[in-house]
Amino acid sequence: MNIAVLGAQWGDEGKGKVVDLLTPQFAVVARYQGGHNAGHTVFVDRTKIILRLLPSGILHSHVSCAIGNGVVIDPQALFTEIDELGRFGYDVSNRLLISERAHIILPYHRELDLLSEARRGERKIGTTSRGIGPAYEDKIGRRGIRVCDLFDRAGLEQEIRENVQARNRLIKESTLDWRPLFDQMLAYGERMKPWVTDISVFLAKTSAAGRPILFEGAQGTLLDIDHGTYPFVTSSNSTIGGVCTGLGVSPKMINGVLGVVKAYATRVGEGPMPTELLGASGDRLRDSGKEFGSVTGRPRRCGWYDVVVARYAARINGLDSVALTKLDVLDGLDEVKVCTGYRFGSDVISEWPADLNVLAKCEPVYETLPGWSRPSSGVTRYEDLPREAQQYVAFLESVTAVPVSIVSTGSGRNDTIIREKSAASEWFGVGTM
Ligand code: GDP
């Protein structure tokens, strides 16, 4: 079985933990979009490891990890991450594969990112300023530099020269020299070379040999460039379509889709978030959930679970099943709320609107459920969850119309419930994890 695991909200849903947990069931974990702005936090034996560019499966020594053509790669960030993992005792050198078609982030993309945010002033996107957006712009503008270009000396020289000249014209008073950049890229290419391959061919062969693949999404559905809260989005397709375009695999190779959904909602950066809680309630979720960006440290905006968002994600991605994370963060609340629709004027909207002006005027309609005082934290069997927590999960299943097959009750690998007779137990078998 090849399964896609992707975020169903605004990212930071806990995909890293879920992918890390499921990885022993797979031969390959393949990332299909984004760059080193993604931050997956994984705890192994209480050691905190943050993965940015490398697929989360990299922490399992039997698994190969593929970085697809849909990913943009900052080679220096890649090497730093590989070296960091080396210091933790993880040798990735024989298990990493990089698409020859992936695009490269160059140092000037970072500067362009900062410049573009500064130009937007108050309307800034809230990007991580790592050059990811500008690298995707160059890709779509057909002037990007791909991994395979690093091995074509003459072509690379021309591309870098022209790109640097164009950039110098764009940034007033800039006199960037293309030569050191060219040398740097050649050196990067040399180090990357052993890992570079045709990922589409590799994955097709892997699948044909009956070796299962996990397709790993970064960010979340509402940050998708097409389906998210544009323009407050990331620059790639984090939704299911990105698997096909970002790895060169056919839709028929995706046998199941698991959406990772937090038991409440968070988002970083700017843009509308209808269920955002300002004040003490938001602070409570932020503090209990340690909702601070794993890459940037930025405080995340927090709010109640939003069914409009979840149903939208279910439809766009064809979710078969949900991994519900961070249920334990709601422990101890007197009551929990769930947004089941938006009041807009005299109407109640149940479909996610495209127009941000409409979204900004939407008032959440809440259903209030009882909270639970006995902790769910660390619980590993569904029947051991507090009764009200079970009611909460059942309510989310009924209103979202997707079954919850995995419940995460803490950040550790063991703080997990795999439900019996669920998609997850069918895909992976209960008791094998
Ligand atoms: P990702 O980008 O979707 O992988 O999410 P992040 O790694 O940015 O954020 C998830 C954070 O929540 C990480 O620090 C995880 O260790 C943590 N986490 C994941 N699942 C749970 C859970 O069920 N409970 C708690 N308390 N923390 C969790």
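Here are legends for a few close-up views of this predicted model.

Residue numbers start at 1 along each chain as its sequence is written, and side-chain values use heavy atoms, with hydrogens and water left out. Because the model is predicted, local features need pLDDT of at least 70 and side-chain atom pairs count only at pLDDT 80 or more, while totals for chains, interfaces and linings use all residues.

**View 1. Inside the largest nonpolar core.** This core has 59 residues, and Leu 22, Leu 78, Ile 160 and Met 192 touch the most other members. A nonpolar core here is a set of buried Ala, Val, Leu, Ile, Met, Phe, Trp, Tyr and Cys residues joined through side-chain atoms within 4.5 Å; buried means under 20% relative accessible area, exposed over 50% and partly exposed in between, with a 1.4 Å probe and protein chains only. Helices (H or I, at least four residues) and strands (E, at least two) are DSSP runs, numbered from the N terminus. Beyond its neighbours within four places in sequence, Leu 78 is in contact (heavy atoms within 4.5 Å) with Leu 53, Leu 54, Ile 67, Ile 73, Ile 98 and Met 192. Apart from this core lies another, of 58 residues, including Cys 244 and Leu 247.

**View 2. The open sheet.** Ten strands run in the order S9-S7-S5-S2-S10-S1-S11-S15-S19-S20, with mixed pairing. Two strands pair if DSSP finds at least two bridges between them. Strands S9 (196-197) and S20 (416-418) are the edges, each pairing on one side only.

View 3. Trp 372 and Tyr 392 make a tilted pair, 5.8 Å centre to centre with 45° between the planes. Trp 372 sits in the loop between strand S18 (363-370) and helix H12 (387-400), and Tyr 392 in helix H12, 20 residues apart. Trp 372 is buried at 1% relative accessible area, and Tyr 392 is buried at 0%. Trp 10, Tyr 312, Tyr 342 and Trp 352 form one aromatic cluster.

**View 4. Arginines over rings.** Arg 161 has its charged end over the ring of Trp 178, 5.4 Å from the centre. Arg 419 lies over the face of Tyr 382, at 3.8 Å from the ring centre. To qualify, NZ of Lys or CZ of Arg must be within 6 Å of the ring centre and within 35 degrees of the ring normal.

Definitions and conventions:
Phe/Tyr/Trp six-rings, centres within 6.5 Å; stacked < 30°, edge-to-face > 60°.
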